[in-house]
Amino acid sequence: MDNERIRALCLALPHARETVNWGHHLVYWVGDRDIGGKMFAMTDLDGTGTGVLWFHAGAERFHELLETDGMIPAPYMARAFWVTVEGWEVLRPRQIEEELKRAHALIWEKLPKKTKTLLGLPEKERAKAIREQKHRAKAREKTKAKK
């Protein structure tokens, strides 16, 4: 397993998006973050962080996964039930795929109704609505900056 395979797995999930955050993390979102999407997993792009993969485990799986050698509570995110995989060999590829699908599903359930409705629109309508929402968000930011 590696970053490219994780990327392919995550982006194959419904409504998954990616961003680069904090300089060296590839972050995977359920829905675009600008419209209320939420993170479900991330990988370290340059090997300078703790571990190779972080994902949302959920309250029920969190402690069970921590019993696995090479899995630790995710720094800064453990209180939200995120775990860190310290190396690619810690879990088999099939297990990683299952955990990422589970993380995606758990986060999907936590999305606001408005975001789920927006993501459920047909492709053209969704793209237009997302563009409009991003435009409104940028306008609000400019207004705040002027004050």
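Is R126 buried or exposed, and at what relative accessibility? At 11% relative accessibility, R126 counts as buried, where buried means under 20% relative accessible area, exposed over 50%, and partly exposed in between (1.4 Å probe, protein chains only). The structure is a predicted model, in which local features need pLDDT of at least 70 and side-chain atom pairs count only at pLDDT 80 or more, while totals for chains, interfaces and linings use all residues. Residues are numbered from 1 along each chain as its sequence is written, and side-chain values use heavy atoms, with hydrogens and water left out.

The protein contains 5 helices and 6 strands; helices (H or I, at least four residues) and strands (E, at least two) are DSSP runs, numbered from the N terminus. In order from the N terminus, the elements run α-β-β-β-β-α-β-β-α-α-α. The C-alpha trace spans about 50 × 35 × 30 Å along its principal axes. Of the 147 residues, 41% count as buried.

A salt bridge is defined as a side-chain nitrogen of Lys or Arg within 4 Å of a carboxyl oxygen of Asp or Glu, and by this rule the count comes to 10. In one of them, R126 meets E123 at 2.5 Å, N to O. Because these two residues are 3 apart in helix α5, about one helical turn separates them.

The side chains of K134 and D32 form another salt bridge (2.9 Å, N to O). K134 lies in helix α5 and D32 in the loop between β2 and β3, so the pair ties together parts that are 102 residues apart in sequence. K134 is partly exposed, at 28% relative accessible area, whereas D32 is buried, at 16%. A salt bridge is likewise found between R7 and E18, at 2.4 Å, N to O. This pair links distant parts of the chain, with R7 in helix α1 (residues 3-11) and E18 in strand β1 (residues 16-21), 11 residues apart. Both R7, at 31% relative accessibility, and E18, at 27%, count as partly exposed.

Strand β2 (residues 25-30) includes H25, which is buried, with a relative accessible area of 11%. Leaving aside neighbours within four places in sequence, H25 is in contact (heavy atoms within 4.5 Å) with several residues, among them T19, M42, D44 and W54.
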